[in-house]
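Here are a few exercises to work through with the model open beside you. Try each task before reading its solution.

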Amino acid sequence: MFQALKTHQAAVLCSIVASLVCVYFLDPILSLIGRGFFYWTQYFGEVYVNRIYAQAAHLETVNYAFLILVLVGIIGIVVASSLPGALLRLGTKDSHDDDDFELTKRGLISLTRFMRYATLFVLLPIVLHMIGANFTQLSLISSFQQHLRIIAPYVTEQEEEELVSQWSLMRTKEDFQAVSKKLAEVAKVNRVSLPENRIYSLWTL
């Protein structure tokens with residue numbers, strides 16, 4: 001028996017060490033990871049659900065026409081930048097005559113360069129401007145409507161109508177800032193907070 005134990009001493013020792021490692025090191029670590037995973041899953045789940053209700057406070061949802069605009073713009077940029085390269089590969093593949101091949105290749109290379117520059121310096125700025133302008137407008141309108149409803153109990157009907165009128169008469173950024181300042185002053189006096197936009201923000205894109 002002792003001879004057999006001595007023969008398998010290394011294996012027994014490895015088994016004991018492995019058991020100790022599992023019991024005193026791996027098991028607590030795995031347990032801690034499991035609890036941490038459960039905690040963070042629960043936390044982010046609550047954040048996600050709470051954000052849904054915060055967005056519902058705007059009494060509107062995301063404008064899906066705006067999302068379609070973003071999608072179409074991205075697809076347009078991708079197509080415009082990749083189409084010339086595809087035409088170049090197709091043209092060089094189908095050209096068998098040397099003169100036609102060189103002519104086609106030069107023409108498609110020129111077209112490829114033109115389309116890439118046009119995409120970078122014309123199409124991309126236009127698409128980004130359209131997306132940025134629509135995003136800003138939707139964000140401002142959504143916030144104004146929510147903030148106006150929040151301060152409505154603390155102003156007269158006449159004052160509320162004046163704020164709507166001033167908003168509708170906006171022509172410059174200074175006009176917007178004047179309306180926003182009045183909303184903030186009413187909120188401050190009555191100790192209510194005007195929340196940030198939960199629908200149109202960088203976190204929702």
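**Exercise 1: the core**

The largest nonpolar core has 10 residues in all: Phe144, Leu148, Ile151, Val155, Leu163, Trp167, Val179, Leu183, Val186 and Ala187. A nonpolar core here is a set of buried Ala, Val, Leu, Ile, Met, Phe, Trp, Tyr and Cys residues joined through side-chain atoms within 4.5 Å, where buried means under 20% relative accessible area (1.4 Å probe, protein chains only). This is a predicted model, in which local features need pLDDT of at least 70 and side-chain atom pairs count only at pLDDT 80 or more, while totals for chains, interfaces and linings use all residues. Residues are numbered from 1 along each chain as its sequence is written, and side-chain values use heavy atoms, leaving out hydrogens and water.

Task: find which helix gives the most to this core.

Solution: start with α4, α5 and α6, which each supply at least two residues of the core. Helices are DSSP runs (H or I, at least four residues), numbered from the N terminus. Then pick α6, which gives the most, with four residues.

**Exercise 2: a helix pair**

Task: describe how helix α5 (residues 157-168) packs on helix α6 (residues 173-189).

Solution: first, take the angle, about 160 degrees, and the distance between the axes, 9 Å. That makes α5 roughly antiparallel to α6 (over 145 degrees). Next, list the contacts (heavy atoms within 4.5 Å): Leu163, Gln166 and Trp167 in α5 meet Phe176, Val179, Lys182 and Leu183 in α6.

**Exercise 3: one residue**

Task: is Thr119 buried or exposed?

Solution: locate Thr119 in helix α4 (residues 98-151). Its relative accessible area is 7%, so Thr119 is buried.

Methods:
Buried < 20%, exposed > 50% of the residue type's maximum accessible area, 1.4 Å probe, protein only. Axes fitted to C-alpha atoms, helices over the stretch in contact; angles between N-to-C directions. Parallel < 35°, antiparallel > 145°, perpendicular 65-115°, else oblique.
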